Amino acid sequence: MKTLKILKYPNKKLRYISKPVVKIDKKIQNIIDKMFKTMILENGIGLSAIQVGIPLQIITIIDTENVNKKIIIINPKIIKKKKKILKSEGCLSFPNQQAIVPRYKYLNIKALNYYGKKIKIKAKSLLSICIQHEIDHLSGKLFIDYLSDLKKNIIKKKMKKMYKKIK
């Protein structure tokens, strides 16, 4: 199975707003399978479809408490969040960059799974943070958007420097 290309900041597509998935069929399931393969090869724990250039509300996550469990979240809606925390997080679209971001420790969402069945997920700690991070991607929001201008500019400069080395 072929992998997908992860878009790196400052790619403008990372700011696109993802559309809900209307029909979950073999095509959507194939995208999900490729997203998992790509995410795992890149040592990630979460990936949104927009990060691979597909503007659909699809998220793939490896459960941080059970690495053999794959979580598929389609068309997520947050129904409850509580207890704000500050945690360091990274992003596959920002290789080797980390920052402290405000999130919620507990999160309840409703969504669809791989087969189009309605699901509810109660998440805490790292899983909650990961889901929030990926849901942000669906609305074109990046983790650097939570940072001060100074911290944001430092990461932007590091990314530009990294791309100059690659070219």
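Tyr115 counts as exposed, at 61% relative accessibility, where exposed denotes a relative accessible area over 50%, buried one under 20%, and partly exposed one in between (1.4 Å probe, protein chains only). The model is predicted, with local features requiring pLDDT of at least 70 and side-chain atom pairs counted only at pLDDT 80 or more, whereas totals for chains, interfaces and linings use all residues. Residues are numbered from 1 along each chain as its sequence is written, and side-chain values use heavy atoms, with hydrogens and water left out.

A pair of aromatic rings is described by the distance of the centres and the angle of the planes. Rings of Phe, Tyr and Trp (its six-membered ring) were taken as paired if their centres lie within 6.5 Å, and a pair was classed as stacked with planes under 30 degrees apart, as edge-to-face with planes over 60 degrees apart, and as tilted otherwise. By this rule, three aromatic pairs were counted. Among them, Tyr9 and Phe94 form a stacked pair, with 4.8 Å from centre to centre and 20 degrees between the planes. This pair links distant parts of the chain, as Tyr9 belongs to the segment before helix 1 (26-41) and Phe94 to strand 4 (residues 94-112), 85 residues apart; helices (H or I, at least four residues) and strands (E, at least two) are DSSP runs, numbered from the N terminus. Tyr9 counts as buried because its relative accessibility is 13%, and Phe94 likewise counts as buried, at 0%. Another of the pairs is formed by Tyr114 and Tyr115, whose rings are arranged edge-to-face, 5.0 Å from centre to centre and with 75 degrees between the planes. In this pair, Tyr114 is buried, with a relative accessible area of 17%, whereas Tyr115 is exposed. Ring pairs also connect Tyr9, Phe94 and Phe143 into a cluster.

Charged side chains were examined against the aromatic rings, a charge being placed over a ring if NZ of Lys or CZ of Arg is within 6 Å of the ring centre and within 35 degrees of the ring normal. Lys70 lies over the face of Phe36, at 5.0 Å from the ring centre, and the charged end of Lys82 sits over the ring of Tyr106, 5.5 Å from its centre.

The structure holds zero disulfides, a disulfide being a pair of cysteine sulfur atoms within 2.5 Å. The sulfur of Cys91 has its closest cysteine sulfur in Cys130, and because these atoms are 10.0 Å apart, they are too far for a bond. Both cysteines are buried, Cys91 with a relative accessible area of 10% and Cys130 with one of 7%.
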